[in-house]
Amino acid sequence: MSITAQAARAAADQYREEGFAILRQFVDGDELTRLRAETARMYDEGMTHPTTFRHGNLCFEILPERDFGRRYVIQAYWMSWISDYYERFRRSEDTFTLLEPFLGRDIKQIAQQIHWKPPGAGLTGYRWHQDLRFRPKREEFREIEESSVTIGLAIDPSTRENGCLQVIPRSHRMGYLGLSDDGDGQIMKGISSDDQLRAAGLEPADVVWLELEPGDLAIWGLMTVHGSLPNTSQNDRAFALSSYVRADTTDRGEWVFRDGVSTPIGDTPALCKYEALRERPEPHYIDQKWYA
Ligand SMILES: O=C(O)CCC(=O)C(=O)O
Ligand SMILES: [Fe+2]
């Protein structure tokens, strides 16, 4: 890997100005080969579950055979619990170099996810939204807009055809716009449209498509308007997301760096985004047809 403190500062400056940034080749060489192999292993692990499976913060979101003709894995959450590779990766030295100009030296993690868009799965788009909607317990976070950042690492090439991320520059200064909060609020159901942007006072012509090569990183914030289309190509789009927060602003999340020192995940999972952990920590299957 090849990140310098100077490149990280430049990315942080761009992020504050535009609401997003791109860092090319954050991961490369042998490291990228291992990352891709481990991500494929996570997909295979997901495929062993007939429906959505949860254990603690670990989760595999499954589109089941019964409703989709064959089984697809579309998301994994908190792979750290079954992957030494991902556990080390989330708190690597390069990750600290990257995050320090964004969040300082004491950092926790609120989300660790892989998103796949398997060809043929259909339901692989994410309608326009701001990620603030995924922090339902707002009172548990202070200064949440300025003290969080999300990074998305391309595992596969991320192209227009396979549903790369799209962002609207400077939308992070517009406040919370309620995009995709209508109806049942499912962001993977239905499709993004220009009209939804216009209705929120945004200009469709401003959209930037974040086309990425494997190992490239996209960076965005909880207030940045973004989304992605379903995959219409024959190639999957695996994308690894991590959301980090300044540790002094919340009691939630898993430690990543304490005064810059890489900190392994503990023995028991910490409460992160959702209450599901508290309500049902044991391994179980979920048979909720959110896509119906
Ligand atoms: O994977 C994607 O394309 C977008 C995901 C996203 O925006 C989210 O999970 O909040
Ligand atoms: Fe998002």
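# Notebook: contacts, strands and a ligand shell

I began with contacts: residues 24 or more positions apart account for 82% of the protein's contacts with a separation of 6 or more. Two residues are in contact here if their C-beta atoms, placed from the backbone, lie within 7 Å.

Before going on, I noted that this is a predicted model, where local features need pLDDT of at least 70, side-chain atom pairs count only at pLDDT 80 or more, and totals for chains, interfaces and linings use all residues. Residues are numbered from 1 along each chain as its sequence is written, while chains are lettered from A and ligands numbered from 1 in the order in which they are written.

**Overall build**

I looked up the secondary structure and found seven helices and 15 strands. Both are DSSP runs numbered from the N terminus: helices are H or I with at least four residues, strands are E with at least two.

Does the radius of gyration agree or disagree with a compact globule? It agrees, because a compact globule of 292 residues would come out near 19 Å and the protein has 18 Å. That radius is taken over C-alpha atoms, and the globule rule is 2.2 Å times the number of residues to the power 0.38. The C-alpha trace spans about 50 × 45 × 40 Å along its principal axes.

I also checked burial: 41% of the 292 residues count as buried. Buried needs 20 or more other C-beta atoms within 10 Å of a residue's own, exposed means 12 or fewer, and partly exposed is in between, with C-beta atoms placed from the backbone.

Next I followed a run of pairings. Strands pair if DSSP finds at least two bridges between them. In general, strands of a sheet pair through backbone hydrogen bonds, either parallel or antiparallel.

- Strand S2 (residues 52-55) pairs with S3 in the antiparallel sense over three bridges, and His55 stands opposite Leu58 in S3.
- The hairpin of S2 and S3 has two residues between the strands, and in it Gly56 takes a positive phi near 65°.
- Strand S3 (residues 58-63) and S4 are antiparallel over five bridges; Cys59 has Tyr77 as its bridge partner in S4, and Phe60 has Ala76.
- S4 and strand S5 (residues 107-115) are antiparallel too, over three bridges, with Gln113 in S5 as the bridge partner of Tyr77.

How many residues of S4 are buried? In strand S4 (residues 72-77), five of six are. S3 is mostly covered as well, with five of its six residues buried.

**A four-stranded sheet**

I then traced an open sheet of four strands, in the order S6-S11-S8-S9 with antiparallel pairing. Strand S6 (126-129) and strand S9 (208-209) are the edges, each pairing on one side only. S8 (residues 165-167) is joined to S9 by two bridges, and Gln166 stands opposite Trp209 in S9.

**Around ligand 1**

Which residues surround ligand 1? I listed His115, Tyr126, Asp131, Leu165, His226, Ser228 and Phe239, counting a residue as near if its C-beta atom, placed from the backbone, lies within 6 Å. By class, the shell has three nonpolar, three polar and one charged residues. Ala, Val, Leu, Ile, Met, Phe, Trp, Tyr, Cys and Pro count as nonpolar, Asp, Glu, Lys and Arg as charged, and the others, Gly among them, as polar.

**Val256**

Last, I picked Val256, in strand S13 (residues 254-258). Val256 counts as buried because 26 other C-beta atoms lie within 10 Å. Leaving out residues up to four places away in sequence, Val256 touches several residues, including Arg90, Ile107 and Tyr244. Val256 and Ala292 are 36 residues apart in sequence and 37 Å apart in space, C-alpha to C-alpha.
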